[in-house]
Amino acid sequence: MNINFKMILMLIPFMVLISCSRSEESNIAISQTETVAWDATNAVLYNEFMQCTAGEDYSKEALNEMVSSWRGLELSESLLGGWGYTTVTSDNTSFNNWWELSWSSKEAADAGWQEWLTNEEGIAWSEKYSTVLQCDGENRDGYDFIFPHDPYAFGDSPDDGSFAASFSPCTLNQGISQDEFSGALVEFNAWLDGLDESQVNGFYAYGIYIPDDEAAEEDFWFANFYETLETMAEGNALWEETGGDAKLKLEAVSTCNAPEISNGQVFFDPTDPNFS
């Protein structure tokens, strides 16, 4: 599947309030034909994931100290946000974590990494906390990222920076066009807009990650963000019970495998003094 972005969107990102642009090259596009149904504040970001492995000195307290120390370093001004994920999916693998970074573009990300690799304080930090958590920055995965729906439509995320996330790898079904994919997301947005307060229990947002790697098996990742794992379960049940035509349309245009479910935590947010 080779579908390209046709426009740059502007939105209020999940943890960072900023407008930015991205090059037109990617795998999936959001069509301009449905502009009336889209939130007018959309933007495409460039997000990266690093796989991390806990060391012998890992603990929640040690990780908090490590991240707090990282925030105290001279981080790139192009870095828009950072989040950590601890998987809770039972897959019999060794204990792993993920570290996500958000940038305004791939070029900004590459420049930021070049700065980091020559940052003496950063090198010392990596060595100091190597027995707490080691992250594979060299083999990080890059994605174009978008929130197709206002991420604050159901309220703010928790003040302590905690949240729950599910990431599902998806492929577009055979013969599906750009407009059909966009139309399914518009239908999903309409379903979200039709929910009333009695049906929603706290913060919810969703995002689309389009892999930078053209050889990736998936066309995109569908990510859901909730306040807690409990509200995630409630949200999934609500979708199964009331998704209706929106659910049928999404399933008609794409096929998603079982999600990777994680507890998430804000690591860096330049707009919040508690995380900057």
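Analyst: A residue is called buried when its relative accessible area is under 20%, exposed when it is over 50%, and partly exposed in between, using a 1.4 Å probe and protein chains only. Helices (H or I, at least four residues) and strands (E, at least two) are DSSP runs, numbered from the N terminus. The model is predicted, so local features need pLDDT of at least 70 and side-chain atom pairs count only at pLDDT 80 or more, while totals for chains, interfaces and linings use all residues. Residues are numbered from 1 along each chain as its sequence is written, and side-chain values use heavy atoms, leaving out hydrogens and water.

If contact is taken as heavy atoms within 4.5 Å, then among contacts between residues at least 6 apart in sequence, 81% join residues at least 24 apart.

Two strands are said to pair when DSSP finds at least two bridges between them. Strand 7 runs antiparallel to strand 3 (residues 45-54), and 5 bridges join the two; within this pairing, Tyr 143 of strand 7 has Asn 47 opposite it. Strand 7 is also joined to strand 9 (residues 204-211), again antiparallel, by 4 bridges, and here Ile 146 has Ile 208 of strand 9 as its bridge partner.

From strand 9 the pairing continues to strand 10, in the antiparallel sense and over 6 bridges, with Ile 208 standing opposite Phe 222 of strand 10. Strand 10, residues 220-226, is mostly covered, since 7 of its 7 residues are buried. In a regular strand the side chains alternate between the two faces of the sheet. For strand 10 both faces are covered, with Phe 220, Phe 222, Asn 224 and Tyr 226 buried on one side and Trp 221, Ala 223 and Phe 225 buried on the other.

Strand 10 is in turn joined to strand 8 (residues 162-172) by 7 bridges, and these two strands run antiparallel. Phe 222 of strand 10 has Ser 168 opposite it, and Tyr 226 of strand 10 faces Ala 164 in the same way. Strand 8 is itself mostly covered, with 9 of its 11 residues buried. Strand 8 runs antiparallel to strand 12 (residues 260-268), joined to it by 6 bridges, and Phe 167 has Glu 260 of strand 12 as its bridge partner. Strand 8 also pairs with strand 11 (residues 254-256) in the antiparallel sense over 3 bridges, where Cys 170 stands opposite Cys 256.

Several of these residues return when the aromatic rings are considered. Rings of Phe, Tyr and Trp (its six-membered ring) pair if their centres lie within 6.5 Å, and planes under 30 degrees apart count as stacked, over 60 as edge-to-face and the rest as tilted. By this rule there are 28 aromatic pairs. Ring pairs link Phe 49, Tyr 85, Tyr 143, Phe 145, Phe 147, Phe 163, Phe 167, Tyr 209 and Phe 225 into a cluster.

Met 232 has its place in helix 5 and is buried, with a relative accessible area of 4%. Leaving aside residues up to four places away in sequence, Met 232 touches Ala 164, Ala 165, Ser 166, Tyr 226 and Ile 261. The C-alpha atoms of Met 232 and Asn 201 are separated by 9.4 Å, although the two residues are 31 apart along the chain.
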